[in-house]
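Please consult the sequence and the coordinates alongside the text.

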Amino acid sequence: MHVFPVQLPPGAPDQNLVLVRSARVLTMSSPWGTIDHGGVLVTLGQKSYPVVKKIGRAADLAARHDVPIIDCHKAWLIPGLINGHTHLELSHLAGQPDAHKGFTAWAESLFALMQAPAREEAIAHALSQLYQTGTVLAADMGGHNAPLVASIMERDSLVDVLFMIQRMGFAKPKDESLRPYAFARDLVDRYLPGGRFAYAGHALYSTHPRILQLTKAWCEEHNLPFALHLAESLDEVELMRDGTGPLAAVLGKSGLLPSWFVPSGMTPVACAHKLGLLGPTTLAVHCVHVNDRDVELLASTGTSVCLCPRSNVYIGVGTPPVASMRQAGIRLCLGTDGLSSNNDLDLAREMDAVLNVDPGLDLEGVLRMATRNAAAILGVDAQYGTIEPGKRACLAMLERE
């Protein structure tokens, strides 16, 4: 499948409405459902974003409103896509880390490459690629280059960003408060009031357990999602459960694994549950290597999962059990991960990948992951995720091969 943005014209005093019509409108909204030969009447903001004014059959809307028409022809009109997980500041490393050799080999090569500074043109190109493939918002797990991403996004991009700043390191917190990162203070001032800034845990194997707990508590206090990488690879499973395996060897040799580390004897999901990190506000990213008990824990705690299937193949860690998680009632969304672990940021290709591994999933179900589910998980459903009157008119066209 292919997804493209609907490019709306700028607003003007004498032309502030436009009708977008298509063969089918998939609103992804329970009250409105799917509208054949549908249309969306959009108010074009002169100083603000376009807003959905009305939806219905295109012929009825055209009869009542003499306005310009954007015709999507046979394409289906859908809400703009939401990328649940990416790393924009690593865009300059596209194609460079070791691929298909497993997680530890990839992570070792990535760490060495990360010494090179981020490049503005690479981030701008990544944001453009998101927009050109129908993505309207991306949850970006970043670090000290997040201010650079923000400046490019504000200047050039038509894509909104939810900044998730990763907490990393095994240093024990000095007190029971989450100390702010100095580089992120301006981001907090600008984006936290609108729900576009959150702290995130990096992973169990890279962040002090108490820091992860404090980060989750901070997110809950601010009514924000708490994200962390979880159960991405067998290397991670071996490290957390047994203290062995390639990742344990590399972290131990480099001195990054603290002396106090003791393997838990549990899977990463079970370990996260014991630490109190799972729950309705938690977004666990990847969850490739989960057993039946892990799936039960994720489901019973209301934890959401972001699937990044093409990234998992790119690195060589396997394929997540999509059908098992879906059938357990786990709320799923989709992410591309970054260009350091994927060939592109095209979310439609992630949808194709998920459909290929879960025969019981239909098109509307996978679209729900990339729109309505993602918006609810990330707390942006007041503006994104469905086509409804009063919401942002972030519209995309779906073409099926």
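Predicted model: local features only at pLDDT ≥ 70, side-chain atom pairs only at ≥ 80, totals over all residues.

Residues are numbered from 1 along each chain as its sequence is written, and side-chain values use heavy atoms, with hydrogens and water left out.

Q: Which element supplies the largest share of the lining of the largest pocket?
A: A pocket is an open set of points on a 1 Å grid over the protein atoms alone, with protein on both sides within 12 Å along at least five of seven lines, and its lining residues have an atom within 4 Å of a point. The largest pocket has a volume of about 1200 Å³, a volume being the space filled by probe spheres set on the points, which are joined across faces, edges and corners. Of its 40 lining residues, the closest to the centre are Leu110, Phe111, Met114, Met168 and His202. Helices (H or I, at least four residues) and strands (E, at least two) are DSSP runs numbered from the N terminus, and the largest share of this lining, 7 residues, comes from H2.

Q: How many residues of the lining of the largest pocket are charged?
A: Ala, Val, Leu, Ile, Met, Phe, Trp, Tyr, Cys and Pro count as nonpolar, Asp, Glu, Lys and Arg as charged, and the others, Gly among them, as polar. By this scheme the lining of the largest pocket has 20 nonpolar and 16 polar residues, and the charged residues number 4.

Q: Which residues lie nearest the centre of the second largest pocket?
A: The second largest pocket has a volume of about 800 Å³. Its lining has 19 nonpolar, 9 polar and 5 charged residues. Of the 33 residues that line this pocket, those nearest its centre are Tyr49, Pro50, Leu158, Arg392 and Cys394.

Q: What is the volume of the largest cavity?
A: A cavity is a set of grid points where a 1.4 Å probe fits but cannot get out. The count comes to 1 cavity of 30 Å³ or more. Its lining includes Pro79, Val136, Tyr384, Arg392 and Cys394, and by class has 6 nonpolar, 4 polar and 1 charged residues. The volume of the largest cavity is about 50 Å³.

Q: Is Ser109 buried or exposed?
A: Ser109 is placed in helix H2, and a polar atom of its side chain lies 2.8 Å from the backbone oxygen of Trp106. Contact meaning heavy atoms within 4.5 Å, Ser109 touches Pro97 and Asp98, not counting residues up to four places away in sequence. Buried means under 20% relative accessible area, exposed over 50%, and partly exposed in between (1.4 Å probe, protein chains only). Because its relative accessible area is 15%, Ser109 is buried.

Q: How far apart are the end C-alpha atoms of helix H3?
A: The expected span of a helix is 1.5 Å times one less than its number of residues. Helix H3 (residues 120–132) has 13 residues and so should span 18 Å; this agrees with the distance between its end C-alpha atoms, 18 Å.

Q: Which residues of H3 are buried?
A: The buried residues of H3 pack against E1, E9, E10, H4 and E11. After H3 comes Gly134, whose phi is positive, near 90°. The buried residues of H3 are Ala122, Ile123, Ala126, Leu127, Gln129, Leu130 and Tyr131.

Q: What distance in space separates Met1 and Glu401, C-alpha to C-alpha?
A: Met1 lies in the segment before E1 and counts as buried, because its relative accessibility is 12%. Beyond four places in sequence, its contacts include Ala348, Met351 and Leu398. Met1 and Glu401 are 400 residues apart in sequence, and their separation in space is 5.8 Å.

Q: What is the phi of Ala231?
A: Most residues other than glycine have a negative phi. Ala231 is found in the loop between strand E13 and helix H7, and is buried, with a relative accessible area of 0%. Although Ala231 is not a glycine, its phi is positive, about 55°.

Notes:
Polar contact = N/O pair within 3.5 Å; in protein donor to acceptor, adjacent residues only side chain to side chain.
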